[in-house]
Amino acid sequence: MNQQITYNALVGFELESIRKELGKEQSEISTATGISQPVLSRLEKGKAMITIDQLFVVCGALGVKPENIISKASKGVEAFSTEDAVNVTTTKEANTSGAVLTGAAIGALLTLFLTKGK
């Protein structure tokens, strides 16, 4: 059975990684964006679909360009596409076919796949 990761989870992982690198708490980003902390948590974990508006607002609060997040997520898609055991899919498709990897599991797999062969 293949593991599944959604595009939303990859984007959320990148947002969470940057937030943590900057040493910011979710509550700070929540206050700056007007997005509630529980919703922000769900976005970071890929458990909710992020809208383009939310992406721009969160990126503004983090001081990063949305295209940087998309670029990093795209590199993740490319890394996972070379692995038979991982399927990157839409949230809608994932909701109909089982468990989806999020958070730390994405980070661990990305690290493994991106450093493979180096």
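The protein contains 7 helices and 2 strands, where helices (H or I, at least four residues) and strands (E, at least two) are DSSP runs numbered from the N terminus. Along the sequence these elements follow the pattern β-α-α-α-α-α-β-α-α.

**Basis and confidence**

- Because the model is predicted, local features need pLDDT of at least 70 and side-chain atom pairs count only at pLDDT 80 or more, whereas totals for chains, interfaces and linings use all residues. Residues are numbered from 1 along each chain as its sequence is written, and side-chain values use heavy atoms, with hydrogens and water left out.
- The mean pLDDT (the predictor's confidence in each residue, from 0 to 100) of the protein is 85, and 83% of its residues reach 70 or more.
- Helix H4 (residues 52–62) has the highest confidence, at a mean of 98, and helix H7 (residues 103–115) the lowest, at 68.
- Where pLDDT is low, the predicted coordinates should not be read in detail.

**Overall packing**

- Of the 118 residues in the protein, 42% are buried; buried means under 20% relative accessible area, exposed over 50%, and partly exposed in between (1.4 Å probe, protein chains only).
- The accessible surface comes to about 6,700 Å², of which 55% belongs to carbon and sulfur atoms; these areas come from the Shrake-Rupley method with a 1.4 Å probe, and for residues only the protein chains shown count as cover.
- Among contacts (heavy atoms within 4.5 Å) between residues at least 6 apart in sequence, 76% join residues at least 24 apart.

**Nonpolar core**

- The largest nonpolar core has 26 residues, and those with the most contacts inside it are Leu10, Leu15, Phe80 and Ile106. Such a core is a set of buried Ala, Val, Leu, Ile, Met, Phe, Trp, Tyr and Cys residues joined through side-chain atoms within 4.5 Å.
- At least two residues of this core come from each of H1, helix H3 (37–44), H4, H5, strand S2 (86–89) and H7.
- H1 gives the most to this core, with 6 residues.

**Helix H5 (residues 66–81)**

- The end C-alpha atoms of H5 are 22 Å apart, in agreement with the 22 Å that its 16 residues should span at 1.5 Å a residue; the expected span is 1.5 Å times one less than the number of residues.
- Pro66, Ile69, Ala73, Gly76, Ala79 and Phe80 are the buried residues of H5. Seen down the helix axis, the buried residues of H5 fall within an arc of 150°, so they line one face; the arc is that of the directions from the helix axis to the C-beta atoms.
- The face turned away from this buried side carries the exposed residues Lys75, Glu78 and Ser81.
- Valine 77, also placed in H5, is partly exposed, with a relative accessible area of 24%.
- Leaving aside neighbours within four places in sequence, valine 77 is in contact with Tyr7, Leu10 and Val88. The C-alpha atoms of valine 77 and tyrosine 7 are separated by 7.8 Å, although these residues are 70 residues apart along the chain.

- Phenylalanine 13 lies in helix H1 (residues 7–21) and is buried, with a relative accessible area of 15%.
- Phenylalanine 13 and leucine 43 are 30 residues apart in sequence, with 8.7 Å between their C-alpha atoms.
- Glutamine 54 lies in helix H4 and is buried, with a relative accessible area of 18%.
- Apart from neighbours within four places in sequence, glutamine 54 is in contact with Ile35, Val39, Leu43 and Met49.
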